[in-house]
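Biologist: I would like to learn how to read strands, surface patches and ring contacts in a model. Can we go through them one at a time?

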Amino acid sequence: MMNWKKILLRKSCTIDKAIQILDNSGLQIILVVDVKKTLLGTITDGDIRRALIHKIDLNSPISKIMSRKPLVAYIDDSDEYILKKMRELKLNNVPILNNDKKVMGLKSIEELIDRKIFNNPVILMAGGFGKRLVPLTKKTPKPLLKIKNTPMLEIIIKKLISHGFVNFYISVHYKANLIKDYFKDGSKWDINIKYLEEKTPMGTAGGLSLLDKSNKIPILVMNSDILTNLNFRDLLEFHMLNKSDGTVCVREEKYQQSFGVVELRNNKLSKIIEKPITKFFINAGIYIINANVLKRKAKKFQDMPTFLNNLVKKKKTISVYPIYESWDDIGTISNYNNATKADIKI
């Protein structure tokens, strides 16, 4: 039973706090209430991502981005009626109210329907040498480095399984046999695992050409050193709803200048901004790619940024999906050491 009381927030709460609650609860919705727990509005992960894209100050109150007229259901409504409305509006959660509009609970679509299975191929890029993790990777390939006694790649696979994905391809090169011996065909986890064997490193995008040419549905591609609480099911649905050719997950980062920045106008001082903070999006290493945009002729090497830039030049639609959930790149020794100490859900 979900603890929906943890997602009740007052409208003065900050967006940044709401992001933390969303990430920790896993419920993908915040219920904004007054002191009597009367519903004032809701905030979904979509609202958060739009706020990130528009660079809204995360210290702003959640009332600035909340939906004031969300779909609600009442305690006397049948599950069939609630499910019908959720499907019509493509919602994952609906607050349940009494006649005084006080929050009495929350219904999730997962409660009302059987677990959905996605047949989309998931390609996990695990062929790199892990040079930034030497000496840890001298004998062990990066995907098999353990966090809390579990190989990093196994943590990623289990997360994807929990969201309904069952068809996996692992791209391998460096110490490929160790990875293949550990994961085998995936039957241990009731999934299918095949291997894309790169004779020479082909890059994140180059290895996609090795995928079975009969596949016609969107492909989820992910680096094997990323640990995240991202809901991959929602990512795929976002990609489909936006009719995108590709979707790139991004993460907002901040950089503070060490000095005051001087702005000039006509060679005269206009303004001095003391140690300004610059916000920008970084590539989060997670993608959805439509099968019909892949080049079937294998290339020797092509990284994902080059591949995506070429798609943009060809006027393909590439969407951006901001990640507010926890996200960690375990590509360096310091990041790996931090991950082994962190409270990561496995």
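Biologist: How many of the residues of strand β5 (residues 93-97) are buried, and what follows for the strand?

Modeller: This is a predicted model, so every value is computed from predicted coordinates. Buried means under 20% relative accessible area. In β5, 5 of the 5 residues are buried, so the strand is largely enclosed by the rest of the structure. Both of its faces are covered: N93, P95 and L97 are buried on one side, V94 and I96 on the other.

Biologist: Which strands pair with β5, and in which sense, parallel or antiparallel?

Modeller: Strand pairing is read from bridges, and two strands pair if at least two bridges are found between them. Strand β4 (residues 73-74) runs parallel to β5 and is joined to it by 2 bridges. There, A73 stands opposite I96. Strand β6 (residues 103-108) pairs with β5 in the antiparallel sense over 5 bridges. In that pairing, P95 has L106 as its bridge partner.

Biologist: What do β5 and β6 form, and what is found in the turn?

Modeller: They form a hairpin, with 5 residues between the two strands. In the turn, K101 has a positive phi of about 65°.

Biologist: How is strand β12 (residues 219-223) placed, mostly covered or mostly open?

Modeller: β12 is mostly covered, with 4 of its 5 residues buried. It pairs in the parallel sense with strand β7 (residues 122-125) over 4 bridges. One of the contacts there sets M125 against its bridge partner N223 in β12. Strand β17 (residues 277-289) runs antiparallel to β12, and 4 bridges join them. In this pairing the bridge partner of M222 is I286 in β17.

Biologist: Now the surface. Which residues make the nonpolar patch?

Modeller: A patch takes residues with over 30% relative accessible area, and its nonpolar side chains are joined within 5 Å. Here V262, L264, L269 and I272 make a nonpolar surface patch of about 420 Å². The elements that give two or more residues to this patch are β15 (261-265) and β16 (268-273). L269 lies in strand β16. Its relative accessibility is 57%, so L269 counts as exposed.

Biologist: How many aromatic pairs are there?

Modeller: Rings pair if their centres lie within 6.5 Å, and planes over 60 degrees apart count as edge-to-face. The count comes to 6 aromatic pairs. For Y182 and F183, the ring centres are 4.9 Å apart and the planes are at 75°, so this pair is edge-to-face. Y182 and W189 have ring centres 6.4 Å apart and planes at 35°, so that pair is tilted. Y182, F183 and W189 form one aromatic cluster.

Biologist: Where do lysines lie over rings?

Modeller: Such a contact is judged from the position of the charged atom relative to the ring centre and the ring normal. K55 lies over the face of F281, at 4.7 Å from the ring centre. The charged end of K180 sits over the ring of Y195, 6.0 Å from its centre.

Conventions. Residues are numbered from 1 along each chain as its sequence is written. This is a predicted model: local features need pLDDT of at least 70, side-chain atom pairs count only at pLDDT 80 or more; totals for chains, interfaces and linings use all residues. Side-chain values use heavy atoms; hydrogens and water are left out. Buried means under 20% relative accessible area, exposed over 50%, partly exposed in between (1.4 Å probe, protein chains only). Patches are made of residues with over 30% relative accessible area and no salt bridge: like charges are joined within 9 Å, nonpolar side chains (Val, Leu, Ile, Met, Phe, Trp, Tyr) within 5 Å. Accessible areas come from the Shrake-Rupley method with a 1.4 Å probe; for residues, only the protein chains shown count as cover. A salt bridge is a side-chain nitrogen of Lys or Arg within 4 Å of a carboxyl oxygen of Asp or Glu. Rings of Phe, Tyr and Trp (its six-membered ring) pair if their centres lie within 6.5 Å; planes under 30 degrees apart count as stacked, over 60 as edge-to-face and the rest as tilted. A charge sits over a ring if NZ of Lys or CZ of Arg is within 6 Å of the ring centre and within 35 degrees of the ring normal.
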